[in-house]
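Please examine the sequence and the model shown below.

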2 protein chains.
Amino acid sequence: MPGERTRLDAGERRAQLVALAVGSLADTPLDALTIPALARRAGVSRGLLFHYFGSHDGLHRIVLETARDAMLHATEPAPELPPRARLRDTLSRTVGFVRDHGGTFASLVRGPASTDPDAREIIDQARRAQADRVVAVFVEQGVADTDDLHRAARAWIAFVEELLVGVARGEEPAGDPLVDYLVRSAEAVVAALSVVE
Amino acid sequence: MPGERTRLDAGERRAQLVALAVGSLADTPLDALTIPALARRAGVSRGLLFHYFGSHDGLHRIVLETARDAMLHATEPAPELPPRARLRDTLSRTVGFVRDHGGTFASLVRGPASTDPDAREIIDQARRAQADRVVAVFVEQGVADTDDLHRAARAWIAFVEELLVGVARGEEPAGDPLVDYLVRSAEAVVAALSVVE
């Protein structure tokens, strides 16, 4: 941006800086995203970034929120599909998002230090949203809407994250067999519930 | 320890301080375990703790290693049992450990900040050890020893951790139905593999 003469209002400029910061996750983990590092990358002063983001944690929070919303948006369930096809479609787009944005995904699910509870809460919101999508798919298919179902869905999200972190690192295959396995694993852990109830 | 006249050699004294630090996880999360906090609790000088542990991260590493080894030891598989009974027995003792040492378990699986790769590696070793135990149970029962089985076992460990974090927080029931569900969920995600291979 140095030397640019374009006049942006403060909101646009801030949004541009957030987009640059989120984009940097492609090649740099969240831990390395500091105000000085972003200032160098954007060619702006640290003071300007402190003005926009308040603090290092403030920068991380808006970056995590933006990345989280991008992932949730990219994997939004298609309401016109019947439940099982909707689950498969959502998972297929999730695997695609992780393949295309591995650094962003890894920063989302493994990045935020446990010392910032606000950062963890941002990610936990995404996990709850995804677990709710899974619960909806099974409840529509007649599974009882119990606490156990919600717990199993939440735990299954952790199962999926663990497999997808391998995809994000380029260590695991990310094609249709993985998507199909994810669908079957969801059905399997939900079916395993019914014996206890 | 203040006022005590017992003479301990350095190794014993260090071990005593580590035990005190691990014990503190029962009521205080790992994040709050600092050299000054432990010095107050133990009634010794900060200098002595720096002498024994080198640094804050050094203290956290030995505490995590000790807690991890206690959990792995308490949940060591019983080799005399056939595979399925061995898995159930291991899971039953794991649930018992989490019920009795919820703070320690939560610090192990959610405590270490992502900024200390050494701390993460200590926990990842435990996850690999537990995944290997699960793989052994299924391979002994005739399941093919593939990369997919190892990945599924590793992801299932994340599934179990998520359920057990709820137990550690006292938010979820921790009786035989949970143990039985964990056994069935392991069998379910492994059985779901066989279609793709």
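Helices (H or I, at least four residues) and strands (E, at least two) are DSSP runs, numbered from the N terminus. The model is a predicted one, in which local features need pLDDT of at least 70, side-chain atom pairs count only at pLDDT 80 or more, and totals for chains, interfaces and linings use all residues. Residues are numbered from 1 along each chain as its sequence is written, while chains are lettered from A and ligands numbered from 1 in the order in which they are written.

Chain A contains nine helices and zero strands, and its pattern along the sequence is α-α-α-α-α-α-α-α-α. The C-alpha trace of chain A spans about 65 × 30 × 30 Å along its principal axes. A residue is called buried if 20 or more other C-beta atoms lie within 10 Å of its own, exposed if 12 or fewer do, and partly exposed in between, with C-beta atoms placed from the backbone. Of the 197 residues in chain A, 37% are buried. Two residues are in contact if their C-beta atoms, placed from the backbone, lie within 7 Å. Among contacts in chain A between residues at least 6 apart in sequence, 67% join residues at least 24 apart.

Chain A is also divided into domain 1 (10-60) and domain 2 (67-191); such bounds come from an automatic or database domain assignment. Taken over C-alpha atoms, the centres of domain 1 of chain A and domain 2 of chain A are separated by 28 Å. Nine residues from domain 1 of chain A and eight residues from domain 2 of chain A form the contact. For the composition of such surfaces, Ala, Val, Leu, Ile, Met, Phe, Trp, Tyr, Cys and Pro count as nonpolar, Asp, Glu, Lys and Arg as charged, and the others, Gly among them, as polar. On the side of domain 1 of chain A that touches domain 2 of chain A, there are five nonpolar residues, one polar and three charged.

Individual residues of chain A may now be considered. A:A10 lies in helix 1 of chain A and counts as exposed because it has 9 C-beta neighbours inside 10 Å. A:A10 and A:S55, 45 residues apart in sequence, are 17 Å apart in space, C-alpha to C-alpha. A:P29 belongs to the loop between helix 1 and helix 2 (35-42) of chain A. Because A:P29 has 14 C-beta neighbours inside 10 Å, it counts as partly exposed. Although A:P29 and A:G103 are 74 residues apart along the chain, their C-alpha atoms are separated by 6.7 Å. Not counting residues up to four places away in sequence, A:P29 touches A:S107 and A:G111.

Which residues of helix 6 (residues 102-110) of chain A are buried? They are A:G103, A:T104, A:F105, A:S107, A:L108 and A:V109. These buried residues of helix 6 of chain A pack against helix 1 (10-24), helix 4 (56-74), helix 5 (83-100), helix 7 (117-140) and helix 8 (147-168) of chain A. A:R68 is located in helix 4 of chain A; with 18 C-beta neighbours inside 10 Å, A:R68 counts as partly exposed. Not counting residues up to four places away in sequence, A:R68 touches A:L108, A:I122, A:I123 and A:A126.

In chain B, the axes of helix 1 (residues 10-24) and helix 2 (residues 35-42) come within 11 Å and cross at roughly 105°. Axes are lines fitted to C-alpha atoms, for helices over the stretch in contact, and angles run from 0 to 180 degrees between N-to-C directions. Helix 1 of chain B and helix 2 of chain B are therefore roughly perpendicular to each other, a term for angles of 65 to 115 degrees. Here B:L17, B:L20, B:A21 and B:S24 of helix 1 of chain B meet B:L38, B:R41 and B:A42 of helix 2 of chain B.

Finally, 30 residues of chain B are in contact with 30 residues of chain A. Helix 8 of chain B gives the most to the side of chain B that touches chain A, with ten residues. By class, that side of chain B has 16 nonpolar, five polar and nine charged residues. Leaving aside its neighbours within four places in sequence, B:F159 is in contact with A:A155, A:W156, A:A158, A:F159 and B:S185.

Note on methods:
Angles under 35 degrees count as roughly parallel, over 145 as roughly antiparallel, 65 to 115 as roughly perpendicular and the rest as oblique.
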